[in-house]
Amino acid sequence: MMQAKGKVFKYGDNVDTDVIIPARYLNTSVHAELAKHCMEDIDSTFVQNVQDGDIIVAQKNFGCGSSREHAPIAIKASGVSCVIAKTFARIFYRNAINIGLPILECPQACDAISQGDVVSVDFSTGTIVDETTGQRFQAEPFPPFMQELIAAGGLAGYIAKQNEKK
Amino acid sequence: MGMTMTQKILAAHAGLPSVRAGQLIMADLDLVLGNDITAPVAIGEFDKFGCEKVFDRDKVALVPDHFTPNKDIKAAEQCKCMRSFAHSQEITNYFEIGQMGVEHALLPEKGLVGAGDLVIGADSHTCTYGALGAFSTGVGSTDMACGMATGKAWFKVPSAIRFHLTGKPGRHVGGKDVILHIIGMIGVDGALYQSMEFEGPGVASLSMDDRFTIANMAIEAGAKNGIFPVDSQTLAYLKEHCPKEPKVYEADSDAEYDRTIEIDLGSIRPTVAFPHLPENTKVIDDVGEVKIDQVVIGSCTNGRISDLRVAADILKGHSVAPWVRCIVIPATQKIWKQAMDEGLFTIFIDAGAIVSTPTCGPCLGGHMGILGAGERAVSTTNRNFVGRMGHVESEVYLASPAVAAASAITGYIADPEKIGK
């Protein structure tokens, strides 16, 4: 899954982990349960409208707040294929990579892309294309080990695969 | 090129003579922490590694503090998962209800963190232990699982912002006002990926509890960690609580900082963060008329004994406004007993407040004080995001224990200075 294509859900600055997955739903870690409440407190219709492959585009400091890994898990389990933001809060950044949710920092793309646009992303080259407007943007591509890690579904799967190779 | 205090601790734990900002390192961990929300996810990942035992049963701490005492059946199942892992792994530092406290108040009190330590915790407020001169930072459950399995974690060495503190806080100004003032100044991503290193002559005028509060909220500015130099107060605290020999690191005189921010503690006023970000701060003189429904005094930010003393001192001889629910939550069993022995509970109860057992509870909208639509709380906790304490249309105003107690009495956000004796 080194490419993604989907329709965009667009958000602003400082989308925090409490709106991504409110703590009242953290009494479970079942991925499908978490996905049912993804983005509930910022966009109550997200769960009804999101389809497999869709992409979240936001502004700065996406994922600020709590260290709950449930936040990237909820996003990934809801079917989202990629999050693009100007910057990510550091714990969210680490957690997203660790669970195999691709995320890219690309300020130009975040300014230009609109809600509902169809966007495609190639993670090996870092190219982001807004298929609706035809605009192209360049983000930092994932190094090969990161591509492998994401393909393995995250760090735990990656470590298990590395152990198999030994 | 010299190193910051944080960089020195990271270098020592990576077995390197020096490190520079941006460098990727693999470092040894002195402690790995998890709670009843994050540990079950970590345990699931840990099981995937095919690893039988944790790297060191003395260096893992598991604290059921968020949705405890179990708020519902699902929360009970999560606690059961963590308890059973703790028992099967023979984890030394598992704290059952009765021993438990809010993790970031509990670990220093139990002496589990010493100066110079490197700690990761699957809780964003793990940065609290920077008050003790340790490097500590929040991570997710997968990193916690890897840490439990290997005793190691990788880090990108952070650059730093230096906060040069001078002066002395005035009356009714504490650590909470200092950190809210700073977050208001630099914003919720003002220290993104960076260390916040506090230093200067003003540090001596901050109590250990003030420093815990300040380091605790470094994450609310996006920081990787917040850290204080080790001085005589730190050493006295560690001597009382921690059996480990302190490892004292100091920033080099030629350490490089991204910027230096001067903070005159004497000029800081009691400060309140308005909804829905900790950076939306106003000094108490500018808050206007904000009627409230609830006050929460507690949490890993402000549930320590000095916080309760400050609140009790203001509430003494007064009554909580009839339309306000005032909830006091001592952060640990030891603090609870101390507050009881000092007679603080009598003051709280006589004023019409309630005292809860230790729990994170309402801070994250878990239980023990959830807000309904349109309700407002003044809270000594650390986040005021949309829906943080309950309904998506509720509001949280972050403040110090002094402002929270004064607000409980008047029923409006209030200046503690204006409460008569």
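I began with a salt bridge: the side chains of Arg94(A) and Asp143(B) meet at 2.6 Å, N to O. I note that this is a predicted model.

I then looked up the count of such pairs, and there are three salt bridges between chain A and chain B.

Next I checked which helices of chain A supply the side that touches chain B. Helices H1 (17–20), H4 (70–77), H5 (90–99) and H8 (155–165) of chain A each give at least two residues. H5(A) gives the most, with seven residues. By type, I have the residues on this side of chain A down as 14 nonpolar, 13 polar and 11 charged.

I took the extent of the interface after that. On contact, 38 residues of chain A meet 43 residues of chain B. The area buried between the chains is about 3,200 Å², and carbon and sulfur atoms give 53% of that area. In chain A, the residues that lose the most area to chain B are Asn27(A), Arg90(A) and Arg94(A), together 24% of what that side buries.

Last, I turned to one residue within chain A. Gln147(A) lies in helix H7, residues 144–151. I list Gln147(A) as buried because its relative accessible area is 17%, under the 20% cut-off. Leaving out residues up to four places away in sequence, I found that Gln147(A) touches Met2(A), Phe123(A), Ser124(A) and Phe142(A). A polar atom of the Gln147(A) side chain lies 2.9 Å from the backbone oxygen of Phe142(A).

How values were computed. Residues are numbered from 1 along each chain as its sequence is written. Chains are lettered from A and ligands numbered from 1 in the order in which they are written. This is a predicted model: local features need pLDDT of at least 70, side-chain atom pairs count only at pLDDT 80 or more; totals for chains, interfaces and linings use all residues. Side-chain values use heavy atoms; hydrogens and water are left out. Contact means heavy atoms within 4.5 Å. Buried area is the accessible area (1.4 Å probe) that two parts lose on being put together, summed over both. A salt bridge is a side-chain nitrogen of Lys or Arg within 4 Å of a carboxyl oxygen of Asp or Glu. Helices (H or I, at least four residues) and strands (E, at least two) are DSSP runs, numbered from the N terminus. Ala, Val, Leu, Ile, Met, Phe, Trp, Tyr, Cys and Pro count as nonpolar, Asp, Glu, Lys and Arg as charged, and the others, Gly among them, as polar. Buried means under 20% relative accessible area, exposed over 50%, partly exposed in between (1.4 Å probe, protein chains only). A polar contact is a pair of N or O atoms within 3.5 Å; within protein, one must be able to donate a hydrogen and the other to accept it, and residues adjacent in sequence count only if both atoms are side-chain atoms.
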